[in-house]
Amino acid sequence: MIVARTLGVTGLALCLSTTLGAQGASRRELVWGGDAEGGAPFVEADPANPSRVRGFDVEVAERIARGLGGGRGGARIARFVQVQWSNLDQSVERGDFTLGLSGVEDTPVRRARHAVTIPYFEFREVLALRPEDAGRIHGLADLRGRRVATLGATIAYDLLVAARDSTGLIPLSYDDDVHPYADLARGRVDAVLLDHIIAQRALRRSGGPGGAFVIVAQPVAIGHYVGVLARADSVLRDSVDAVLREAMRDGSLEQIFRRWDVWDPSQGALFDRVVRTDRAATAAGAARAISAIAYLPSLARAAGVTALVSLLSMMLAVIVGLGLASSRVYGPVWLRVATTVYIELIRGTPLLLQLFVIYYGLAGVVRLPAFLAAVLALGLNYAAYEAEIYRGALEAVPRPQLEAARTLGLSELQILRLVRGPQALRFALAPMTNDFVALLKDSSLVSVITVVELTKQTAIYATNVGSWVVPGALCAAIYLAMSLPLARLARRLERRWRPAA
Amino acid sequence: MSALLVIDRLSVRYDSRHVLRALSLEVRGGEIVALMGPSGVGKSTALRAVAALQPFDDGRIVVDGFALAAGPVPPESRLVPLRRRVGLVFQAHALFAHLTALDNVTLALRHVLGQSRSDAEAVATKLLASLDVGARATAWPSQLSGGEAQRVAIARALAPNPPLLLMDEPTAALDPARRGALGTTLRHLSEQGRGLLIATHDTEFARGHADRVVSLTT
C-alpha cells in the first residue's frame, strides 16, 4: 500500500500561493517558513481549508508575530511559506522567509551557522519496536546488526551513525517520517528512532497501544525545538527570544501545547530553565569541527553505492532490453503488442513513481530489500529505453547484409548472432553509453527508498555543515569523475565505429 | 548436358505493374549467360527471384533439380538445398562490415558447412589467392578498393562451392583493365563446370565474355 500523502498536494498548493516569500513581505508581516508535509501536530494543511495551515508551530509563529514590534509599530501578522524541511536553513539565509519553525532541532552546527532562538519545546528521541522485540531491546546498545530507521539529516540520524561505529547497528535514512514506521510493521527495519511526538502520532495512526509497534519509555536522548533565523538577523532573533520568554511566563505557550496535546511536565521544567537564564541554553553535545576530510570516507562509500546500483541496473537493463527488442522485431503480433505496451508504459510514467510502486506498492506481495528494489526499478525503467535503442540498431543494419547472409545459407538465428547482432551493437554502443551516464545521475532518485547514495550523502553532509558549496562541489566532482570518461568513450566509439557506407 | 538453371515464364508484378513478364531462359554448367537490358528492366529482380530473396507471381524456377514455385518465399528451413546450389554476388558487394575479408569467406564454411576454423581458413585463403586478393585477407571491407571488394565477394559466394553463380552488374564499378581481368576470372570459373548468370547493361562486356546473351526489353 502506498501511504497516501495528500499533504504533499496541499503543501504544493500552499507553496504556490506563497512563493513570493519574504521578498514581498510588508513591514507588518512576519514571514515564517515550515514544512506542511511534516504534518500535525507541527504544521499541517487545515482539513477544513487546505489553503491554510494549522499546528502548534503555526500558533507559536502567530504568538511570536503578535508579540513582535512591542512599543514600536505594534504587532505583525504571521504569513506562512512552504519550504522543504531539510532546506529550512539554506532557505532562511537566502531570505525566502524570516523565521523557520517546524520541529527545527537545536544543534551545535545550526547555532554556529545561523541565528537560533531559545528552545521552546523539549522532545525525547525514542525507539519504536515491534511488540515481540520489546522485552529484548531497551536501547541502541541492544541493536547490534539490526536495521534502525530514522529521518535523514536529524539528530536521531547522527545518533544512529555514531552508534553504527560503537554498537554495530545499521542506520537507515528516510526522506519522511511515515515510511519508517510502515517498514517497521512490515519487518523491513527492526527499530525506528525519532522524536516522541512523531512516534506517538505514528502509534495513533497504527491503531494505538497494542498496534503494530511499541515505544520504549526510556528516551535515547533529549533535544529541543528552536526557531532559526538568518545569521544577519540576530537583533530580530533577540526580539523573538523576548517574545518566547514572555509567552512562557504568561502561559500562552503552555496553552498552545495543551491544545495540541503535546504538553508534559518536562516542558514546564524547560520553561523554568529558559526564563531563568537570560542567555539561551546551549545545545546538547559539544560542537564538532566538521571538515570536508571527515566526510570523504562516507562520500566515497556513497559513490560506491551509486556506481554499484548503476552498474547492476544497467546490466539488468541490457538483458531485459535485448529481450524486449528481439520480441519487438522478431516476435508474433501479441508479443510485439505486449512489449510495446510495456515500453510505452515505462517511458510514459515517472521513474520516481515506479520506485515507489516497486518498493512500497509491492510490499504487500513481496518485501524487496531497498537495494534490490532500487536496482529492479532502475533496470526495468532503463530496459525500455535500451529496447528502443536495440530495435533501432537492429533495423538500421542494411538489408543487403541480411540478404547476403541468407544466400549463404545461415539460419535466422545464425544471422542474428553472427551478422545482425554484431553490426547492431556498433550502432547501439554510443547511445548505450550515453544512457549509462544518464542512469548514473538518475540513480540519485533511489534515495527516496532509503538507499544512501552519493547525492543523498551529499545532502546529509550539506545539512550538517550548513552549506552546499563544498559538499556540492565535491559531489559534482565525483559524478564527473565517473561520467566524463564514459562520455569520452561514447564519442570515441561513435567516431571509430561509424557504420561503413 | 541438362540445364543447371531453368527459368520458365517468370513474371513479377509490383502493384499490378509488370516488372518481369514471362521471362524464360536456361543456363548450363560451364556456360556464361548475360542477362542484358537497360536499367529498371527487371534484371536484378530475376536474380533475386532465383536466389529466393523475393517472391514471384507466375512461372517456375528450377535450380539443379530444386524447384521454386510462384507465391511467397518459403521459410529458410525449406531452402537449404537451394542455398547449396546458388551463390549470389551483390552489385554493392554487401560484404559483412564487421568481419575481415578472410572471415567474410569463412563464415558459411564454418557455420553452414560445419568446418573447423583452420580448415575453413585454409579453403578461404586458397580461394582469395586464386582471385588475386590473397594479400588482403586481414583487411576490413572499408579498407578494400571496389575491385578488391568484388573479388572478396566472389570468393564469399564461391566458398560453399555452389554450381550456379549469379552476379548483379559486376562491371559497374570497374575500369576497363579490371573488366578484362573479371572476364578472365569468370571464364576460369565456367571452365570448372559452373554455370554463370550475369545481369549487366554493359553490352561490350557481355559480347566479349558471355557465351550467350538474353535481352530483356521494356
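**Note on a predicted two-chain model**

1. The axes of helix α2 (residues 56–67) of chain A and helix α8 (residues 234–249) of chain A come within 9 Å, and they cross at roughly 110°. The two helices α2(A) and α8(A) are therefore roughly perpendicular to each other, since angles of 65 to 115 degrees are placed in that class. The crossing of α2(A) and α8(A) is right-handed.

2. Which residues bring α2(A) and α8(A) into contact? From α2(A) come A:Arg63, A:Ile64 and A:Gly67, and they meet A:Val240, A:Val243, A:Leu244, A:Glu246 and A:Ala247 in α8(A). By class, the residues of this contact divide into five nonpolar, one polar and two charged.

3. Some totals describe chain A as a whole. Its secondary structure comes to 18 helices and 13 strands. Of the 501 residues of chain A, 45% count as buried. Among the contacts in chain A with a separation of 6 or more, 75% are made by residues 24 or more positions apart.

4. Chain A contains an open sheet of five strands, in the order β4-β1-β5-β13-β6, and the pairing in this sheet is mixed. Its edge strands are β4 (77–82) and β6 (115–116) of chain A, each of which pairs on one side only. For background, strands of a sheet pair through backbone hydrogen bonds, either parallel or antiparallel.

5. With β4(A), strand β1(A) pairs in the parallel sense over six bridges. Within this pairing, A:Leu30 stands opposite A:Ala78 in β4(A), and the bridge partner of A:Trp32 in β4(A) is A:Phe80. Strand β1(A) is also joined by two bridges to strand β5 (residues 99–100) of chain A, and these strands run parallel. Here A:Gly33 has A:Gly100 in β5(A) as its bridge partner.

6. Why can β1(A) be called largely enclosed by the rest of the structure? Five of the six residues of β1(A) are buried, so the strand is largely enclosed. A residue is counted as buried if 20 or more other C-beta atoms lie within 10 Å of its own.

7. Chain B also has an open sheet of five strands, ordered β6-β7-β8-β3-β9, with parallel pairing. At the edges stand β6 (86–89) and β9 (212–215) of chain B; each has a single partner strand, so one side of each is left without a neighbour in the sheet. From one strand to the next, the twist averages 20°.

8. Within the chain B sheet, strand β3 (residues 32–36) and strand β8 (residues 195–200) of chain B pair in the parallel sense over five bridges. One of the paired positions links B:Leu35 with its bridge partner B:Ala199 in β8(B). Helix α6 (residues 176–191) of chain B packs on the sheet, where it touches β3, β7 (164–168) and β8 of chain B. The direction of α6(B) makes about 150° with that of β8(B).

9. Is B:Ala52 buried or exposed? B:Ala52 has 23 other C-beta atoms within 10 Å and is buried. This residue lies in the loop between α1 (43–50) and β4 (56–63) of chain B. Apart from its neighbours within four places in sequence, B:Ala52 is in contact with B:Leu68, B:Val73, B:Leu79 and B:Leu82. The C-alpha atoms of B:Ala52 and B:Arg83 are separated by 9.0 Å, although the two residues are 31 residues apart along the chain.

10. With 15 other C-beta atoms within 10 Å, B:Asp8 is partly exposed. If residues up to four places away in sequence are not counted, B:Asp8 touches B:Ser24, B:Gly59 and B:Arg60. B:Asp8 and B:Glu26 are 18 residues apart in sequence, and their C-alpha atoms are 8.5 Å apart in space.

11. How many residues take part where the two chains meet? On chain B there are 20 residues in contact with 19 residues of chain A. The elements that give two or more residues to the chain B side are α2 (80–85) and α3 (101–111) of chain B. By class, the side of chain B that touches chain A has 14 nonpolar, three polar and three charged residues.

Definitions and conventions: Residues are numbered from 1 along each chain as its sequence is written. Chains are lettered from A and ligands numbered from 1 in the order in which they are written. This is a predicted model: local features need pLDDT of at least 70, side-chain atom pairs count only at pLDDT 80 or more; totals for chains, interfaces and linings use all residues. Two residues are in contact if their C-beta atoms, placed from the backbone, lie within 7 Å. Helices (H or I, at least four residues) and strands (E, at least two) are DSSP runs, numbered from the N terminus. Ala, Val, Leu, Ile, Met, Phe, Trp, Tyr, Cys and Pro count as nonpolar, Asp, Glu, Lys and Arg as charged, and the others, Gly among them, as polar. Two strands pair if DSSP finds at least two bridges between them. Axes are lines fitted to C-alpha atoms, for helices over the stretch in contact, and angles run from 0 to 180 degrees between N-to-C directions. Angles under 35 degrees count as roughly parallel, over 145 as roughly antiparallel, 65 to 115 as roughly perpendicular and the rest as oblique. A crossing is left-handed if the near helix is turned anticlockwise from the far one by less than a right angle, and right-handed if clockwise. A residue is buried if 20 or more other C-beta atoms lie within 10 Å of its own, exposed if 12 or fewer, and partly exposed in between; C-beta atoms are placed from the backbone.
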